[in-house]
Amino acid sequence: SSNYKLFYICTYMNKIIALLLGILFFCHCDAQFYVEPIVGYQQDLNKGSRLRQINSAINVSWKLGRSFELILQGQRSWPIAYRYSDAAFTTNPALPVSADAIKIISPSALSLLVGQRLKLAGRASNNSLFFTCYLGVSNQQIKVDYSYDKTNYTILNPDKTVKETGFYASGGIEYMRHYKTGRIFTQLLVGGFVHEDINYPNSFKFLVPFSFNVGYSVPISKNKHDKK
């Protein structure tokens, strides 16, 4: 059932977070802490899809070495509503057989993710390149609204609003510029649900977002890894 699935996912995430906190407990004396607000734009990569979102997130990052960071992220994707043209039909002989209908699709998501940064280049420079990845739980909703004469017309096989909670993964490349007061970074990430799909009659799938994000690292503590 969906309740059992949600319980299983939450239990799994609790174990991941507990493990992360355990690692941080033993490494706290050497860890550099950052708080990172992030904003961005996401485009769905599913074939034929035009769904888009505004992305926002807040990271807590622990720099455990010159080349490795652990991340805990709370993420929210805000919908950019997209309008499609559709058709509605009637059996009333006094009216035209079909009429225009507007379908409005609004995708949104709320996620809790655990991630890591692995430095690929730039160990002795103010410019660094990372491989960044995230894994966690996402609650996604694709809301569907129709605008047409609902008194006299009906839509055949209409799309329906769907919600799903499941495992979510993403990964990609991150460029970071180091300053004395913090770090500015940009990300290119691709993500999606792990083994989740939508069955007919919906004409869309859950998003596979390609994200362009910009963030800023605000240092909270300092240690021997501060320079890079």
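Visitor: Is Glu 36 buried or exposed, and what is its relative accessible area?

Guide: This is a predicted model. A residue counts as buried when its relative accessible area is under 20%. Glu 36 has a relative accessible area of 0%, so it is buried.

Visitor: With which residue does Glu 36 form a salt bridge in which the closest N and O atoms are 2.9 Å apart?

Guide: A salt bridge requires a side-chain nitrogen of Lys or Arg within 4 Å of a carboxyl oxygen of Asp or Glu. Glu 36 meets this rule with Arg 117, their closest N and O atoms being 2.9 Å apart. The two residues are 81 residues apart, Glu 36 in strand β1 and Arg 117 in strand β5. Arg 117 is buried, as is Glu 36.

Visitor: Which parts does the salt bridge between Glu 36 and Arg 183 tie together?

Guide: The side chains of Glu 36 and Arg 183 form a salt bridge at 3.1 Å, N to O. Because Glu 36 lies in strand β1 and Arg 183 in strand β8, the pair ties together parts that are 147 residues apart in sequence. Arg 183 is buried, with a relative accessible area of 2%.

Visitor: Which residues do salt bridges that share partners join into one network?

Guide: Arg 117 also forms a salt bridge with Glu 69, with 2.8 Å between the closest N and O atoms. Salt bridges with shared partners join Glu 36, Glu 69, Arg 117, Glu 174 and Arg 183 into one network.

Visitor: How do strands β1 and β8 pair with β9?

Guide: Strand β1 pairs with β9 in the antiparallel sense over 9 bridges, and β8 pairs with β9 in the antiparallel sense over 8 bridges. Within β9, Ser 217 is the bridge partner of Arg 183.

Methods. Residues numbered from 1 in each chain as written. Predicted model: local features only at pLDDT ≥ 70, side-chain atom pairs only at ≥ 80, totals over all residues. Heavy atoms only, no water. Pairing = 2+ DSSP bridges. Helix = DSSP H or I, 4+ residues; strand = E, 2+ residues; numbered from the N terminus. Buried < 20%, exposed > 50% of the residue type's maximum accessible area, 1.4 Å probe, protein only.
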